[in-house]
Each structure stands twice: as structure tokens, then as C-alpha cells.
Amino acid sequence: MERTHLQLFPLQTVLYPYGVMPLHIFEPRYRTMIRMCLEHDVPFGVVQIAQGLEVGGRPTTLEVGTVAKIAKAVEHPDGRLFITTHGGERFRIVKSAYDGECLAAEVEPYPDEPGDVSVYEGLAAEIARLFSRYWQLLAITMNKDLGRVELPVDDPDAVSWLVAGALNVMPELKQVLLTKRNCGERLELLRELLIEEMEKLRELIREARGE
């Protein structure tokens with residue numbers, strides 16, 4: 001596998017392939033990093049923090065992350081940056097070290113196992129139906145119009161990542177989904193999580209109604 005070098009942005013969340021992640025860059029060290037990425041037209045890596053804090057210090061990160069491609073950047077007069085990133089391929093950290101104030105790493109691709117994902121189209125369609133009901137329940141509990149999430153059910157791989165990105169679960173579960181290297185396994189786990197989360201949301205709705 002071909003190894004590459006990436007600047008890393010440790011966060012307490014997960015970016016997935018096909019995902020969109022807006023970021024507010026206010027720390028000086030990350031402003032410098034993002035400006036460098038913009039100047040040289042290169043991506044950076046998003047990795048979840050294992051321990052430590054996002055602001056200050058030198059947090060330890062988990063091993064698998066996602067390449068973040070900068071789609072849009074706006075810099076304010078005070079130096080803060082607001083960027084929109086798109087999730088690309090996944091990577092595994094081979095070795096990492098702090099390059100000045102920022103974390104840099106040698107990484108290698110972390111692709112799915114080879115296989116025909118079209119065999120999961122039926123499962124992807126089921127996940128899309130479950131997700132539609134989950135999204136409606138989430139909107140009710142939040143008392144907010146969440147809009148529509150369009151899922152390409154003829155593309156199981158995209159469905160697995162888009163649903164994973166929209167699912168409101170703990171970061172640890174988000175990372176488990178990120179590390180799955182089989183589309184079918186991701187979809188199966190998503191089915192379990194959607195069923196569990198829908199029951200929690202229904203319980204919240206019943207409690208709110210005094211039932």
C-alpha cells in the first residue's frame with residue numbers, strides 16, 4: 001500500500017467518506033495548518049481523539065481516520081477560518097509525531113475488502129426505510145424540522161456512510177462504523193443501531209406525552 005504524509009486534525013467526532021463537515025478554525029496552530037493546506041491545495045486528516053482535549057495539549061488519537069478535502073474556506077479579519085470539508089478515503093496511521101504544534105502522520109489507505117457491494121442493495125433499501133422513520137422520530141423529539149436526507153439506495157456503500165454520518169450516537173460507535181471494512185457489516189450494524197435508537201426516541205416521545 002502506498003503511504004502518504006498528512007497533517008492531522010484531532011476532533012471529538014468522526015468524518016466519513018461522502019460526509020460534509022463544517023469546521024470553525026480558531027486555534028493559531030490549526031489556522032496555520034489550514035492555510036498551508038489551502039496554499040498547497042492538499043487535504044488533511046480528521047481523526048477522533050482517544051484521550052485529551054481538542055483545545056490545548058497534545059491529545060492521543062485513534063488509528064483510523066478520514067481524509068478531509070477543503071471545499072470552501074472563509075477567513076475573517078481576526079484570522080479565524082470557517083471551512084467546509086468533504087470526506088474522502090479512509091486511512092490508517094502508521095506513525096505520527098508532532099510537527100511543531102500540529103500532529104502529522106505517515107498514513108496508508110484503509111479500504112474496504114474487495115467485493116461486489118451490489119449484493120447489499122436489498123439491505124441498503126431496508127436501511128433507507130428505517131432511517132426515514134428514525135429521522136422523523138428525531139425531528140419530533142427535537143421539535144425541529146431536520147429537512148430531508150436523500151439516500152442513493154442503488155449505492156449501498158454511499159448509503160452506509162451517509163446514514164452513519166447522520167446517526168446521532170456516541171463517538172465510540174461512530175468510530176466502530178468507520179473501522180468496518182465490509183459494506184454489509186456496516187449496514188447490519190446500522191440496522192441494529194437504528195432499531196435501538198428508534199426505540200429510545202419512541203420512549204422519549206411517550207414520556208413527553210405523559211404516557
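Modeller: The sulfur of Cys37 lies 9.2 Å from the closest cysteine sulfur, which is in Cys102, and that is too far for a bond, a disulfide being a pair of cysteine sulfur atoms within 2.5 Å. This is a predicted model, in which local features need pLDDT of at least 70 and side-chain atom pairs count only at pLDDT 80 or more, while totals for chains, interfaces and linings use all residues. Residues are numbered from 1 along each chain as its sequence is written, and side-chain values use heavy atoms, with hydrogens and water left out.

Biologist: How many disulfides turn up in the whole structure?

Modeller: The search of the whole structure finds zero.

Biologist: Is Cys37 buried or exposed?

Modeller: Cys37 is buried at 1% relative accessibility, where buried means under 20% relative accessible area, exposed over 50%, and partly exposed in between, using a 1.4 Å probe and protein chains only. Cys102 is buried too, with a relative accessible area of 8%.

Biologist: Switching topic, which residues touch the most other members of the largest nonpolar core?

Modeller: They are Ile127, Tyr134, Val163, Leu187, Leu190 and Leu194, out of 32 residues in that core; a nonpolar core is a set of buried Ala, Val, Leu, Ile, Met, Phe, Trp, Tyr and Cys residues joined through side-chain atoms within 4.5 Å. Helices H2 (121-142), H3 (156-166), H4 (171-179) and H5 (183-208) each supply at least two residues of this core, and H2 gives the most, with ten. Helices (H or I, at least four residues) and strands (E, at least two) are DSSP runs, numbered from the N terminus.

Biologist: And what is Val163 in contact with, beyond its neighbours within four places in sequence?

Modeller: Val163 is in contact with Ile127, Phe131, Leu151, Leu190 and Leu194, contact meaning heavy atoms within 4.5 Å. There is also a second, separate core of 16 residues, which includes Phe9, Ile34, Cys37 and Leu81.

Biologist: What covers the buried residues of H5?

Modeller: The cover includes strand E6 (81-99) together with H2, H3 and H4, and among the buried residues of H5 are Leu187, Leu190, Leu194 and Glu197.

Biologist: Last one: where is Glu108, and what does its side chain make a polar contact with?

Modeller: Glu108 is found in strand E7 (residues 102-109), and its side chain makes a polar contact with the side chain of Arg92 at 2.7 Å. A polar contact is a pair of N or O atoms within 3.5 Å; within protein, one must be able to donate a hydrogen and the other to accept it, and residues adjacent in sequence count only if both atoms are side-chain atoms. Glu108 is buried, with a relative accessible area of 14%.
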